[in-house]
Amino acid sequence: MTKAEEIVEEAGEMTFWEHLEILRWSIFHIVCIMAVVTVGTFIAMPYIFDDFILAPTSSNFFVYQFINKIGMGVLHFDDGFKVDIININVASQFMTHISTSLQLAAVITFPAIVYELWKYIRPALFDNEIRHLRWAFLGGTIMFFIGCAIGYLLVFPFTFRFLTEYELSSSIENQINLQSYIDNFTMMILVMGIVFEMPLLAWLLSQLGILRKSFLRDYRRHAIVVLMVTAAIITPSGDPFTLMLVFIPLYLLYELSILVVKEDGRREEDDDEDDE
């Protein structure tokens with residue numbers, strides 16, 4: 001039993017300082033887990049950097065190869081695609097090694113961070129709330145990793161290829177800086193991971209009485225337009241195939257959000273009166 005759990009068990013109603021003690025131990029556990037995983041990712045980074053992080057810079061990336069097989073002539077990637085990442089700062093490679101290790105460790109330890117937060121808020125919840133929130137945290141964690149995977153497999157590769165192959169003038173040669181590549185790589189993957197938390201956010205807002213199912217249903221057409229624009233911004237390549245690859249998951253997330261939010265009690269009462 002951890003120190004935080006002993007405090008919860010010994011105290012029926014905890015004081016402010018006891019809450020702070022539990023929070024302190026939760027933060028301590030998160031920092032320790034992050035430190036251990038960061039050391040591991042730092043050691044492994046030279047081995048996974050070329051095969052994982054820099055994989056989208058070459059036509060050998062398995063996603064490009066797979067799209068070429070199923071594209072049926074509609075979508076085909078040039079087999080000679082190759083982007084050389086350059087470095088123009090003395091300490092950039094070392095700092096990128098550290099920052100990328102931290103960011104990868106944060107993604108890997110996301111379930112542990114969620115679990116520590118869960119342990120902190122659990123004593124203040126009722127049994128029925130614990131049951132619902134347990135599944136919410138589990139679902140949110142799974143959705144986060146699914147979003148990160150889609151960001152890595154679809155959103156970033158398509159966007160990266162379009163931007164690196166785009167030419168304002170043939171006299172301009174694209175030379176991609178290491179820091180620019182890493183910033184876009186991590187940003188797009190983490191953004192997709194956060195976007196996939198949409199159903200969880202909708203569920204929490206419905207539990208607070210802020211969001212209802214009827215609202216999402218009534219504004220479905222408006223949401224489709226917003227999601228289409230969002231997909232077009234994320235993937236500026238312009239072809240319909242790439243656009244739909246991003247739009248369809250976003251739209252399915254919206255429909256999933258409709259399923260998980262509460263029904264509008266007033267709308268249900270009106271429907272019952274109409275039936276009578």
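**Close-up views of a predicted model**

**View 1. Pro56 sits in the loop between H2 and H3.** This is a predicted model, where local features need pLDDT of at least 70, side-chain atom pairs count only at pLDDT 80 or more, and totals for chains, interfaces and linings use all residues. Residues are numbered from 1 along each chain as its sequence is written, and side-chain values use heavy atoms, with hydrogens and water left out. Helices here are DSSP runs (H or I, at least four residues), numbered from the N terminus. With a relative accessibility of 0%, Pro56 counts as buried (buried is under 20% relative accessible area, exposed is over 50% and partly exposed is in between, using a 1.4 Å probe and protein chains only). Setting aside neighbours within four places in sequence, Pro56 is in contact with Phe61, Tyr64, Phe81, Tyr152, Phe156, Phe160 and Tyr181; contact means heavy atoms within 4.5 Å.

**View 2. Helix H3 (residues 62–70) has buried residues Val63, Tyr64, Ile67 and Asn68.** Looking down the axis of H3, these buried residues fall within an arc of 140°, so they line one face of the helix. That arc is taken from the directions from the helix axis to the C-beta atoms. On the other side of H3, Phe62 and Lys69 are exposed. As a reminder, an α-helix has 3.6 residues a turn, so residues three or four places apart point the same way.

**View 3. The largest nonpolar core has 46 residues.** A nonpolar core is a set of buried Ala, Val, Leu, Ile, Met, Phe, Trp, Tyr and Cys residues joined through side-chain atoms within 4.5 Å. Phe49, Ile53, Val155, Tyr181 and Phe185 have the most contacts inside this core. H2 (16–53), H3, H6 (127–165), H7, H10 (220–234) and H11 (240–260) each supply at least two of its residues, and H6 gives the most, with ten. Beyond its neighbours within four places in sequence, Val155 is in contact with Ile150, Met188, Met192, Ile234 and Val246. There's also a second, separate core of five residues, including Trp118, Ile130, Leu133 and Ala136.

**View 4. The axes of H4 (residues 92–108) and H7 (residues 178–195) come within 11 Å and cross at roughly 10°.** Axes are lines fitted to C-alpha atoms, for helices over the stretch in contact, and angles run from 0 to 180 degrees between N-to-C directions. H4 and H7 are therefore roughly parallel to each other (under 35 degrees is roughly parallel, over 145 roughly antiparallel, 65 to 115 roughly perpendicular, and the rest oblique). H4 brings Ser92, Gln93, Thr96, Thr100, Gln103 and Val107 to the contact, while H7 brings Leu178, Gln179, Ile182, Thr186 and Leu190.

**View 5. Thr96 is in H4 and Leu178 is in H7.** Thr96 counts as buried at 2% relative accessibility, and Leu178 is buried too, with a relative accessible area of 9%. They lie 82 residues apart along the chain, yet their C-alpha atoms are separated by 8.2 Å. Not counting residues up to four places away in sequence, Thr96 touches Leu178, Gln179 and Ile182.
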